[in-house]
Amino acid sequence: TDKFAQMDTREKDARAKSMLLSAKKERAKKYIEKGFYNEASRDIQEALQLEPNDAEAKAIHAKIKTLQ
């Protein structure tokens, strides 16, 4: 059977949030590499809204601030 189908809604929501957070951070890093700091800032702000205490997101945010 499908493990995802067996999860309750709370578990699915937590997993989806985690995946979205990771995707936002990865995309922000790619934007930084290309010099697209406004786009990176937008994505990392969205990541921080999802998880305000995420250490990696905070570090990326600080890096963007120094580059802008």
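Select T9 to begin: at 56% relative accessibility, T9 counts as exposed. The classes are buried for under 20% relative accessible area, exposed for over 50%, and partly exposed in between, with a 1.4 Å probe and protein chains only. T9 has its place in helix 2. Helices here are DSSP runs of H or I with at least four residues, numbered from the N terminus. T9 and K25 are 16 residues apart in sequence and 24 Å apart in space, C-alpha to C-alpha.

Before moving on, note that this is a predicted model, where local features need pLDDT of at least 70, side-chain atom pairs count only at pLDDT 80 or more, and totals for chains, interfaces and linings use all residues. Residues are numbered from 1 along each chain as its sequence is written, and side-chain values use heavy atoms, with hydrogens and water left out.

**Stop 1: the charged pairs**

Show the side chains of Lys, Arg, Asp and Glu. The structure holds ten salt bridges. Each is a side-chain nitrogen of Lys or Arg within 4 Å of a carboxyl oxygen of Asp or Glu.

Select E51 and K17. Their side chains meet in a salt bridge, 3.7 Å from N to O. E51 lies in the loop between helix 3 and helix 4 and K17 in helix 2, so this pair ties together parts 34 residues apart in sequence. E51 is partly exposed at 30% relative accessibility. K17 is partly exposed too, at 35%.

Next, select D43. D43 is buried, at 0% relative accessibility. K24 is buried, with a relative accessible area of 14%.

R27 sits in helix 2 and D43 in helix 3, so the pair ties together parts that are 16 residues apart in sequence. R27 counts as partly exposed, at 38% relative accessibility.

**Stop 2: helix 4**

Select residues 55-67. This is helix 4, with 13 residues. From first C-alpha to last it reaches 19 Å, close to the 18 Å expected at 1.5 Å a residue; the expected span is 1.5 Å times one less than the number of residues.

Start at the N-terminal end. D54 caps it, with a side-chain oxygen 3.3 Å from the backbone nitrogen of E56.

Which residues of helix 4 are buried? They are A57, I60, H61 and I64. They cover an arc of only 105° around the axis, which puts them on the same side of helix 4. The arc is that of the directions from the helix axis to the C-beta atoms. Turn to the other side of helix 4, where A55, K65 and T66 are exposed.

Now show helix 2 (9-34) and helix 3 (37-50). The buried residues of helix 4 pack against both. Contact means heavy atoms within 4.5 Å. Pick I64: not counting residues up to four places away in sequence, I64 touches I32, Y37, A40, S41 and I44.

**Stop 3: the core**

Finish with L21, A28, Y31, I32, A40, I44, A47, L48, A57, I60 and I64. These eleven residues make up the largest nonpolar core. Such a core is a set of buried Ala, Val, Leu, Ile, Met, Phe, Trp, Tyr and Cys residues joined through side-chain atoms within 4.5 Å. Color by helix: helix 2, helix 3 and helix 4 each supply at least two residues of this core.

Terms used. Polar contact = N/O pair within 3.5 Å; in protein donor to acceptor, adjacent residues only side chain to side chain.
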